[in-house]
Amino acid sequence: MSVLAVEGLTVSAKQAAVLRDLSFEVAPGKVVGLVGESGAGKSMIGRVLAGTLPPGFAVTAGSVRFQGADLVAADPRARRRALGDRLTFIPQEPLTALDPLMTVAAQFGEHLQRLGMPRSGRRGAMRAALAAVELDPARVLERYPFQLSGGMCQRVLIAMAFVSNPALVVADEPTTALDVSTQMRIIALIRTLQRDHATGLLFITHDLRLAAHVCDEIIVLYAGEAVEHGPAAAVMGEPRHPYAASLKASIPPVDGPLHRLVPLADTMPGIARFASLPGCRFAPRCPVRDATCAAAPPPAIAIAPRHTVRAAGACLSASGAAAAIPMPPAPPPGAGPPVLELRDAAKHYPARRNLIGLRHGPGTTAVAGASLTVRPGEFVGIVGESGSGKSTLARLVMGLEAPTAGRILVDGADVTVGDAAARSVRLGALQMVFQDPQSALNPRRSVWRLVTQAMEAARARLGTGTRAGPARPSRAGRRERAATLLAETGLPADLLDRFPAELSGGQKQRVNIARALCLAPRLLVADEIVSGLDVSVQAQILNLLHTLRDELGIGLLLISHDLGVVRYVCSRVVVMRHGEIVEEGPVEAVFRDPQHPYTRMLLASIPPDDATLPWPRESDVASAAAA
Amino acid sequence: MLLVALRILFFRLLVAVPTLIAVSALVFVILRLLPADPAAMSLPPGATAEDLARLRAALGLDRSIPEQYLIWLGDLLSGDFGISIYFRRPVADLVSTALPNTLELVLSGLLLGVIVGVAGGLLMFRARGGRGEEALDVVSSAMMSIPEFLWALLLILAFGVAVPLLPFIGRMAPGMMTPPGVTGFLLLDSLIAGRLDVFFSLLLHLVLPAVALAIALAPLIMRVLRASLVEVAGDDFVTQARLRGLSEQRILFAHTLPNAALPTISLIGVQAGFMFGGTVLVEVIFGYPGLGNLIVDAVRNHDLPVIQLVALVYCVLVLAINAAVEVIYLLVNPRLRTH
Amino acid sequence: MSAARFLTPRIVVGGALIAALVLVAIFAPLIAPNDPEAQELLYVLLPPAWAPGGDAAFPLGTDSLGRCIASRLVFGTRVALTVALTAATGAMVLGTLLALLAGYFGGRIDWLVSRAVDTWMSFPPVILALILLVGLGAGVDKVILAIIIVDWTRFARVIRSEVLVVRRRDYIAAARLAGFSHLAVLAREVLPAVAPLVITLLSLEMGIAVIVEATMSFVGLSVESDVAAWGVMIADARRSMYQAPWGVVLPTAAIFLTVLGFNLLGDGLRPALDPSLRTRGAR
């Protein structure tokens, strides 16, 4: 008998079905994956199970049977008895999922008390459970969450989730907040515990590639609908629904031949638009749609045993993804002196002062003597996990931080000391695209005033006098330039007068890029500019970067934790760890034959595109643990 | 734990020393801006210019301001707090009688205000999104718009005049003898002396002034606590606690409230300092023999030695209460404690 | 930006109260039924007109010198609003300026401003104001000056921490990278970001200024003792409050309504001015 049986589940808010007619089962010891981009409704099922739907949301059809009992109809007390006991959850943000004021022992003890364990047995049970997640109980029990790393917090939460030997564990993006090597180790741990306890696992993720390796079955969700449901290897290997196919085609691969990514245009509709989409909700973006698609919801068609696709016959016969276009080789870097050169640049932060002004400890070294050259028109990627110093490096380059040692040259001019001369050299050559458009775009500025901010600055510098000099940009001139910049970054011109809060995530990031292009810099420094975006939007932005290179001849220093992104965009890669550059070389050479053990470990941490290859491998997990 | 608390307290007080010196200098300089001559005012009408000069010399008023300040500071450190020009008594005597009364008043007001404020905050949080919260919100807005001394007058009108339930003048019933001073705190001394009648009279006289102070404090605590409760209730660890099957009661009191209390504790620290300011007029209105009455009398009579010392005592009190609240904050917040 | 965001109950009620008070202050001579200074010693401590023994000539009764309470209340708005506007604006300018410099540049200026705020915060504001008025001498202009000197820290403290938050936003760094000078960043990026908070605090500070002025009038350190000010009225009426409680209650109500108006306005403006609440399609 299955642990969880969901039958025709529909969750509605304001007359629109946020989840529409969802059916699946989780058998004991099996892993079912719910995969979708943000807003697809993949977290809604967890909320249905926990009975924590937001106000205004309600189950309007279907049933959810947990161990045979109907959870939707169950009274809240009965449901609460199951929570944390037979039905447990692993959260997305481990660092914030533990009460910051309680030690691990206090919180774990509270959980065991809730499970009805007598006080005398709790200490021993905690030690055993923490040892099972490869934590040293003596080191962890009396610690507070802020004294632990994200990976350690997640292990504590996993230990708590499995300590009651639950029938079903719901893991909602359990590794999204973690570094890739930590992700690999946590995944290995969850899989081991789940297999050992024969627990059913509902694995919710945005990462199709990860799901393919973790799950037995995958359900691909789009706008609240299961568009494809089948064995993991089949869905990843040959997705049949046009959306699932394009989702796969949007992921930049870390191995195998590189093809041009074929992202979908536009973005997934939000809940507000569901009501106006009575038929197939994917139809407006579907490359093979016809007139019938928008009329009624398409049926679920079984194309193989245990493999169904919600589609009209036409979609299935047509191949969703267009013929793969191989990537053209990157143009050779331009002649002339390097745009940017770092010579042993370092950044050391002294320890913080205490109450009476004395410094404790040696401080931290964010970047330890990095040397790096970027030629005109060259795309260079910097990869590394959190704490590797890659963002600090970007801030040194831009002059937002002063190096404590070494030199920085831009266009051959020494800009190590951030004086007015250095500022003007940088202003002519470099611009930065920031990671989080939420923080990088002043919410009080309209789009045209944002993207032409540099012209406003020039105007402020030139003053309003009539002295000879470059022409003062007028309002009309600025709007004209803004329109050009929007066109270059693939944004419609009617956004000119919008404010950031009125834009989608992808649009904001394009505005962010457009602003950096305003003064026609020769090198863009981009810090994690796609990490907050869904894969299809990410693919759009990555292709935009290629277009900019081809059309403007611009260079790029791309900082990213995502090796696939760097491989797709850049021709040279720099690997950083603990503030040091450990490896550097042409992208294909480094990815095919990594020299440094850390690079090898990083590459092994990424699930391969071929779902039939084993991942995570025990030897890699062991070497990641040793690192 | 205790050791940590003591260490923090020690450092806080160490840091407070320069502040106190700055404050004393500031007070001294401001008071020397005074256009009127305090010496002239304290002399009888028939005094001669020589009398005045003699008195000015005796009081040290003929020296330069930095000199006067250093002399005063030196006297202060050697335990000489000066003589009141107006009361013609040692300032130290005046302050040591008034100080315990003010402390009793502030502590009762603080206690009352915190209890009502925390209860109100919890009530508002429980009623969030409904009519009840709106009503409490309106009431708290209105309560905050009346300063302490007007509450004092309104309370006298309501419970002293219209419905005469409580006494509203002085520290105890007229005719009662002050219990022998052991601690200086009358409530304690009356208990020590076994005079329960005095004790209850003292307590009754404390009610209205303390309520006046508490009414001003409670709505602030209420609103800050409500806001932080709402914020914390949306945090991941609260969701996760719910997903572990904990009861709402347990979640509120074991997780949400302790985390939401942190900003409230900071607020209480700041507001407790302001409360000493609130006592000034409240004491005047209730004829309550504390520091407030003392400083207002001194201000009216340009009694500089009294103003200087009382102002300094207020600063010491504020710094002490801030340090105490900070220690509580640090003890509650492990992130700061285990640094 | 739609006007509807400003039509919340708090803003409407608060704004209406303040607008009414401003009108009363401007047209005081037209509104007041009597000369606020005129003493009618035959009619002392009259109750309001509707109460038994009241006189229609004195709608809200008279005080112990036979002066018309209604007229004194009306003229009292002038003192209250003058102090509220000038003192609060002064404290805002001084406090905001120092907060911007301290929060944006950090370093020595921040240390200096922070220590000054610490020193000020170790005084209960009333005590500092009392001492200042001893030093400066009594008078309503001195009260205004004292409020500015005492209360700039309210702005400095809160706005400095807001500047610290804003300063960490990437758009500040982006503005620098676009070539903005520090002054331009402060004026065009930081100040607009903290402006909603400044306006909110300004409104609340006006309420505080009204209270401080009333307090100082009550102690006799503000206006001349015969000028019609609410604090003076309360102090005068206090002596006869057992026979004539309205003498205390009416000016108290006037202070209450004024402060309530400023508080409601301040509370209501904060969310209305916050652009992060301006969402997609809500134009």
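Biologist: Before we start, what should I know about the model and its numbering?

Modeller: It is a predicted model, where local features need pLDDT of at least 70 and side-chain atom pairs count only at pLDDT 80 or more, while totals for chains, interfaces and linings use all residues. Residues are numbered from 1 along each chain as its sequence is written, chains are lettered from A and ligands numbered from 1 in the order in which they are written, and side-chain values use heavy atoms, with hydrogens and water left out.

Biologist: Let's begin with chain C and chain B. How many residues of each are in contact?

Modeller: Contact means heavy atoms within 4.5 Å. By that rule, 40 residues of chain C touch 47 residues of chain B.

Biologist: And how much area do chain C and chain B bury between them?

Modeller: Buried area is the accessible area (1.4 Å probe) that two parts lose on being put together, summed over both. For chain C and chain B that comes to about 3700 Å², with 80% of it on carbon and sulfur atoms. C:Ser122, C:Ile131 and C:Val134 supply 15% of the area that chain C buries against chain B, more than any other three residues.

Biologist: How many salt bridges does the rule find across the interface of chain C and chain B?

Modeller: A salt bridge is a side-chain nitrogen of Lys or Arg within 4 Å of a carboxyl oxygen of Asp or Glu. The interface of chain C and chain B has two salt bridges. In a salt bridge between B:Arg223 and C:Asp267, the N to O distance is 3.0 Å.

Biologist: What about polar contacts between chain C and chain B?

Modeller: A polar contact is a pair of N or O atoms within 3.5 Å; within protein, one must be able to donate a hydrogen and the other to accept it, and residues adjacent in sequence count only if both atoms are side-chain atoms. Between chain C and chain B, five residue pairs are in polar contact, both at pLDDT 80 or more.

Biologist: Which element of chain C gives the most to the side that touches chain B?

Modeller: Helices (H or I, at least four residues) and strands (E, at least two) are DSSP runs, numbered from the N terminus. Here α4 (107–121), α5 (125–136), α6 (140–167), α8, α9 (230–238) and α10 (246–273) of chain C each supply at least two residues. The most comes from α10(C), with ten residues. For residue classes, Ala, Val, Leu, Ile, Met, Phe, Trp, Tyr, Cys and Pro count as nonpolar, Asp, Glu, Lys and Arg as charged, and the others, Gly among them, as polar. The side of chain C that touches chain B divides into 28 nonpolar, six polar and six charged residues.

Biologist: Now for chain A: what does the contact of chain C and chain A look like?

Modeller: It takes 22 residues from chain C and 28 residues from chain A. Together chain C and chain A bury about 2300 Å², 53% of it on carbon and sulfur atoms. The rule finds two salt bridges across this interface, and in a salt bridge of A:Arg445 with C:Glu189 the closest N and O atoms are 2.6 Å apart. Twelve residue pairs are in polar contact between chain C and chain A, both at pLDDT 80 or more. On the side of chain C that touches chain A, α7 (170–177) and α8 (182–219) of chain C are the elements that give two or more residues. The most comes from α7(C), with seven residues. By class, this side of chain C has ten nonpolar, four polar and eight charged residues.

Biologist: Let's turn to cysteines. How many disulfides does the structure hold?

Modeller: A disulfide is a covalent bond between the sulfur atoms of two cysteines. The cut-off is a pair of cysteine sulfur atoms within 2.5 Å, and the structure holds zero disulfides over all chains. A:Cys280 is in no disulfide, and its nearest cysteine sulfur, that of A:Cys293, is 5.9 Å away.

Biologist: Is A:Cys280 buried or exposed?

Modeller: Buried means under 20% relative accessible area, exposed over 50%, and partly exposed in between (1.4 Å probe, protein chains only). A:Cys280 counts as buried because its relative accessibility is 14%. A:Cys286 is buried at 6% and lies in the loop between α11 (271–274) and β11 (300–304) of chain A.

Biologist: Finally, which backbone angles deserve a look?

Modeller: A:Trp615 and A:Pro616 are joined by a cis peptide bond, with omega about -5°. A:Asp21, in strand β2 (residues 16–26) of chain A, has a positive phi near 50°.
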